Amino acid sequence: MEKEEYKEDSTCETRNQPNSCSQQEQQAQAQKRLEANLSHIKHRIMVMSGKGGVGKSTVATNLAVSLSLEGLEVGLLDADIHGPNIPKMLGIESRHVEGSVNGLIPVQVLPNLKVMSTAFFIGHHDEPVVWRGPLKHSAISQFLGDVEWGKIDCLIVDLPPGTGDEPLSVAHLIKNVDGAVIVTTPQDVALLDSRKAVTFSRMLSIPVIGIVENMSVLTCPHCQKEIPLFKTGGGEKAAQDMRVPFLGRIPIDPEMVADCDRGTPFVMSHPGSAAAQVFKGIANRCAEFIRFKETEKKANLERFPYRFKMHEVKK
Ligand SMILES: Nc1ncnc2c1ncn2[C@@H]1O[C@H](COP(=O)(O)OP(=O)(O)O)[C@@H](O)[C@H]1O
Ligand SMILES: [Mg+2]
């Protein structure tokens with residue numbers, strides 16, 4: 001069919017014949033959808049680290065749950081394409097993603113918490129996702145642009161370890177990430193990598209909300225003595241050295257491992273525990289940070305209404 005015929009009235013979407021559009025047209029449409037979708041998401045926070053297994057997904061999950069329990073509308077995007085653990089941690093592995101005319105509907109976990117993850121699209125949980133960078137970029141782009149997040153206060157993005165494809169895609173696609181929470185464990189090898197995550201955020205002009213030291217100490221259940229299994233205090237020292245806030249020290253709690261495996265959010269099942277208190281403290285700091293950003297935006301709008309509006313229009 002001749003392309004010219006469609007020129008007048010339609011876009012790739014209204015024609016419902018995507019193959020008849022040029023790649024450029026399709027990209028422009030995808031960009032429009034992405035911008036429209038992101039415009040409903042007030043704040044975006046990335047949870048990252050230099051190393052794997054330090055507790056990013058655990059922090060992202062408990063942060064999202066804590067914020068939603070505080071009454072915020074929250075979205076949790078599992079951007080760890082190769083190791084998507086969030087559905088397992090929330091006990092929603094078997095749930096399916098439904099589609100609507102407007103896109104994919106994220107899985108609802110709590111009345112004000114919804115989740116999207118590649119885990120929902122994998123046939124069997126033993127199946128690996130073997131994708132190169134461009135495919136991962138495209139998946140993240142769809143998770144941001146083609147998922148019906150709706151009007152939410154905050155999108156928490158759980159990232160894989162390191163400073164590779166996924167964090168770059170998220171930063172590139174979201175453009176104005178509000179801030180990054182960097183998770184580390186206290187030993188030197190983890191700290192070294194977490195400093196790289198701070199530098200990475202700075203290179204991309206993403207404010208660092210702060211560093212979290214996870215798996216800080218284990219309290220002996222018999223004598224109550226604190227055992228620094230992976231040392232302690234390194235996260236705070238790294239935060240001081242890198243001049244970023246320190247958000248707290250989460251102790252090792254064997255119940256957290258059991259909860260993750262059971263699919264129960266730790267802050268809900270053990271609200272009185274020392275670790276849950278730290279999670280709540282981290283959530284409060286993030287909420288404060290969000291409020292600060294809103295005040296800052298409002299002040300800018302009052303001080304420079306013209307410039308600010310122009311900037312908004314451009315986005
Ligand atoms: N503070 C903690 N105490 C006990 N276990 C923890 C703690 N933080 C994380 N874990 C456990 O460590 C494992 C790895 O955590 P995860 O969040 O998947 O790390 P990452 O996302 O950085 O790879 C999980 O089994 C999780 O339950
Ligand atoms: Mg993870």
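Me: How many residues does α3 have, and what span would be expected for it?
Reply: Helix α3, residues 56-69, has 14 residues. The expected span at 1.5 Å a residue is 20 Å, and the helix reaches 20 Å from its first C-alpha to its last, which is close to that. Keep in mind that this is a predicted model.

Me: Is α3 enclosed or exposed?
Reply: Largely enclosed by the rest of the structure, because 13 of its 14 residues are buried. A residue counts as buried here when 20 or more other C-beta atoms lie within 10 Å of its own.

Me: What comes just after α3?
Reply: Gly71, with a positive phi of about 105 degrees.

Me: Which residues other than glycine have a positive phi?
Reply: Gln224 is one of them, with phi near 65 degrees. Lys231 is another, at about 70 degrees.

Me: Where do Gln224 and Lys231 lie?
Reply: In loops. Gln224 is in the one between β9 (208-219) and β10 (226-227). Lys231 is in the one between β10 and α8 (234-242).

Me: Why is Gln224 classed as exposed?
Reply: Because 7 other C-beta atoms lie within 10 Å of Gln224, and 12 or fewer counts as exposed. Lys231 has 17 C-beta neighbours inside 10 Å, so it counts as partly exposed.

Me: Zooming out, how many helices and strands are in the chain?
Reply: The protein chain has 12 helices and 11 strands. It has 315 residues, and 40% of them count as buried.

Me: And what share of the contacts comes from residues 24 or more positions apart?
Reply: 76%, taken over the contacts with a separation of 6 or more.

Me: Now α5. What is its span?
Reply: 18 Å from first C-alpha to last, over 13 residues. That is close to the 18 Å expected at 1.5 Å a residue.

Me: Which residues of α5 are buried, and what do they pack against?
Reply: The buried ones are Lys136, Ile140, Phe143, Leu144 and Gly145. They pack against α2 (23-38), β2 (74-78), β6 (113-117) and α6.

Me: What are the angle and axis distance for α5 and α6?
Reply: Helix α5 (residues 133-145) and helix α6 (residues 165-174) pack at about 45 degrees, with their axes 9 Å apart. That angle makes α5 oblique to α6. The crossing of α5 past α6 is right-handed.

Me: Which residues make that contact?
Reply: From α5, Gly133, Lys136, His137, Ile140, Ser141 and Leu144. From α6, Asp165, Glu166, Ser169, Val170, Leu173 and Ile174. By type, the residues of the α5 contact with α6 are five nonpolar, four polar and three charged.

Me: Switching to Leu247. Where is it, and is it buried or exposed?
Reply: Leu247 is in strand β11 (residues 246-252). It counts as buried, because it has 28 C-beta neighbours inside 10 Å.

Me: What is Leu247 in contact with, apart from its neighbours within four places in sequence?
Reply: Val181, Gly210, Ile211, Val212, Ile282 and Arg285. Separately, the C-alpha atoms of Leu247 and Cys286 are separated by 9.2 Å, and the two residues are 39 apart along the chain.

Me: Last one, Ser269. Which helix is it in?
Reply: Ser269 is found in α10, residues 266-269. It is partly exposed, with 14 other C-beta atoms within 10 Å.

Me: And which contacts does Ser269 make, leaving aside neighbours within four places in sequence?
Reply: Asp259 and Thr264. The C-alpha atoms of Ser269 and Asp259 are separated by 7.9 Å, with the residues 10 apart along the chain.

Definitions and conventions
Residues numbered from 1 in each chain as written. Chains lettered and ligands numbered in written order. Predicted model: local features only at pLDDT ≥ 70, side-chain atom pairs only at ≥ 80, totals over all residues. Axes fitted to C-alpha atoms, helices over the stretch in contact; angles between N-to-C directions. Helix = DSSP H or I, 4+ residues; strand = E, 2+ residues; numbered from the N terminus. Parallel < 35°, antiparallel > 145°, perpendicular 65-115°, else oblique. Left-handed = near helix turned anticlockwise from the far one by under 90°. Contact = placed C-beta atoms within 7 Å. Nonpolar A, V, L, I, M, F, W, Y, C, P; charged D, E, K, R; others polar. Expected span 1.5 Å × (residues − 1).
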